[in-house]
Structures are given as structure tokens and as C-alpha cells.
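Open the model in a viewer and keep the selection tool at hand. The stops below are meant to be followed in order.

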Amino acid sequence: VDSLEAVYALLGERVTAATVALLNPDNVVSGWSSPPSLAAVESLLTTGDLCCRLWWQDAIDQAQPVLADHPDFSPLLIMVAFSHANLGRIREADSVLAVVDTLSERLTTSERLLADWLRARLSGNRAEATLAIEQAYRIDPVGRGLHAGSNALETNRFQDALERLLSADRDSPCLRNFWPLWHGIAQAYHMLGRYEEELEVAREALERFPNVR
């Protein structure tokens, strides 16, 4: 209120942060709320990259400093919740989702649906999980193909799983490091009896990820 210079500085940083996030070529930031600072952008991109590499604890550790300054930055909160869930820490994931719930009016549609999907999965409600992630997939088939395809595999909808997994961009900065995508596609082909295509995907995956047998 007392300093226009402070207002200009804060506004400038937020506009710059939002622009950097918007222009980033990686869809890891698509559908997320605008970051409050450049540090938040950097943390979001780095945390997203660590998640893509399945380095869940590193992702949690990376997010913490920015969350200490911006405890209501929902994209990082949701990534931390997913990381805890993938480490089997269900209580910790649920606690983070409880914080996300308090921000419901400020979440983007993508954030709300991802949080709903994770919450339903943690509680074992397959119907609600499917409803949430299918809505997210209809909004952003490229960005949410992996999530919707994984959910379809878990519910034995193998043709749907294949369609959704193939819609994901395997050459994006994120997914080119995410070997479970190829595993999921191969699984779907296998369950559909399309074994030659399964072998083709497996060979491509081994070329990309020679240490993941």
C-alpha cells in the first residue's frame, strides 16, 4: 500500500514467472496455476522432471523450499502428494491433499481433477477415479493420456488404455524419460493379443532405456 516500487517489483516478477511457465515447451506445466515467483517456476520444472524420472523423494525435497515460502502453490502440493503416494506413504499423501482441498476455489480444472483422481485411488474408489481422470483426459488428451491410460489398465479397459497411452507425447521432455509409459503400452497390446506390436514397443523401449530390462 505504501510503496509503488514494491507493487511494480511483485507484479513484474509474477508476470515474468507466468510467462516463463506459459512459454516452456514441456507439458509438465500445462494446466497448472500461475506460479507466484521465478523460484516457483524453477522448482515446478525441476520437481516435474524428477517425477518423470521416478525420483519421488528427490521431487519432495526439491519442492519443500518453495512451499515454505508459498504454502498454497497447488501445482507443487499435488506433485508432492503423488510422490508420497508412489512411495507408499498414504497418510502423508492424504495430508497434502487435505491442504489442497482448502484451496479448491483457486484450483485450475486440471488440478482439481488430478487431486480428485489421486484421492479416489487412495480410497479405493475406482468409479470416482475413472470419472475424474476421464474428464481430465477429454480436456487435455496429450497431457493426461498417461494418467488416463494407467487408470484404464487398472480397470481392465485395455482398448481404452491403449488409445489413451498412445495419445501421450512420448518424445516430450518429460515422457521421453518415463519408461513406465512404454511398459503400459506393451501391457495393453499384450492383453489385446497384439503380440507383434507388443514386441515392437518392447524393442523401442530397450533402445531408449537399456538399463531397464
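**Before starting**

This is a predicted model, in which local features need pLDDT of at least 70 and side-chain atom pairs count only at pLDDT 80 or more, while totals for chains, interfaces and linings use all residues. Residues are numbered from 1 along each chain as its sequence is written, and side-chain values use heavy atoms, with hydrogens and water left out.

**Stop 1: the largest pocket**

Helix H2 (38-52), helix H4 (74-86), helix H6 (109-122), H7, H8 and H10 each give two or more residues to the lining. Helices are DSSP runs (H or I, at least four residues), numbered from the N terminus. H8 supplies the largest share of the lining, nine residues. By type, the lining divides into 25 nonpolar, 13 polar and four charged residues. In this count Ala, Val, Leu, Ile, Met, Phe, Trp, Tyr, Cys and Pro are nonpolar, Asp, Glu, Lys and Arg are charged, and the others, Gly among them, are polar.

**Stop 2: the nonpolar cores**

Select Leu67, Phe73, Leu76 and Trp117. Of the 38 residues in the largest nonpolar core, these four touch the most other members. Such a core is a set of buried Ala, Val, Leu, Ile, Met, Phe, Trp, Tyr and Cys residues joined through side-chain atoms within 4.5 Å; buried means under 20% relative accessible area, exposed over 50%, and partly exposed in between (1.4 Å probe, protein chains only). H2, helix H3 (56-69), H4, helix H5 (90-101), H6 and H7 each give two or more residues to this core, and H4 gives the most, with eight.

Centre on Trp117. Beyond its neighbours within four places in sequence, Trp117 is in contact (heavy atoms within 4.5 Å) with Phe82, Ala129, Ala132, Ile133, His147 and Asn151. Another core, of 21 residues, lies apart from the largest one and has Leu146, Leu153, Cys174 and Leu175 among its members.

**Stop 3**

Move to helix H9 (residues 158-167), where the buried residues are Phe158, Ala161, Leu162, Arg164 and Leu165. They pack against helix H7 (126-139), helix H8 (141-154) and helix H10 (180-191).

Which residues does Ala152 contact, leaving aside its neighbours within four places in sequence? They are Arg157, Asp160 and Ala161. Ala152 is in helix H8 and is buried, with a relative accessible area of 0%. Its C-alpha atom is separated by 7.7 Å from that of Thr130, 22 residues apart along the chain.

**Stop 3: salt bridges**

The count comes to 16 salt bridges, each a side-chain nitrogen of Lys or Arg within 4 Å of a carboxyl oxygen of Asp or Glu.

- Arg119 and Asp116: the closest N and O atoms are 2.9 Å apart. The two are separated by about one helical turn because they are three residues apart in helix H6.
- Arg170 and Glu204: the N to O distance is 3.7 Å. This pair links distant parts of the chain, with Arg170 in the loop between H9 and H10 and Glu204 in helix H11 (residues 195-208), 34 residues apart.
- Arg194 and Glu197: the closest N and O atoms are 2.8 Å apart. Arg194 is partly exposed at 30%, and Glu197 is partly exposed at 28%.

**Stop 4: two positive phi values**

Most residues other than glycine have a negative phi. Leu54, in the loop between H2 and H3, has a positive phi near 65° and is partly exposed at 23%. Asn156, in the loop between H8 and H9, has a positive phi of about 65° and is exposed, with a relative accessible area of 54%.
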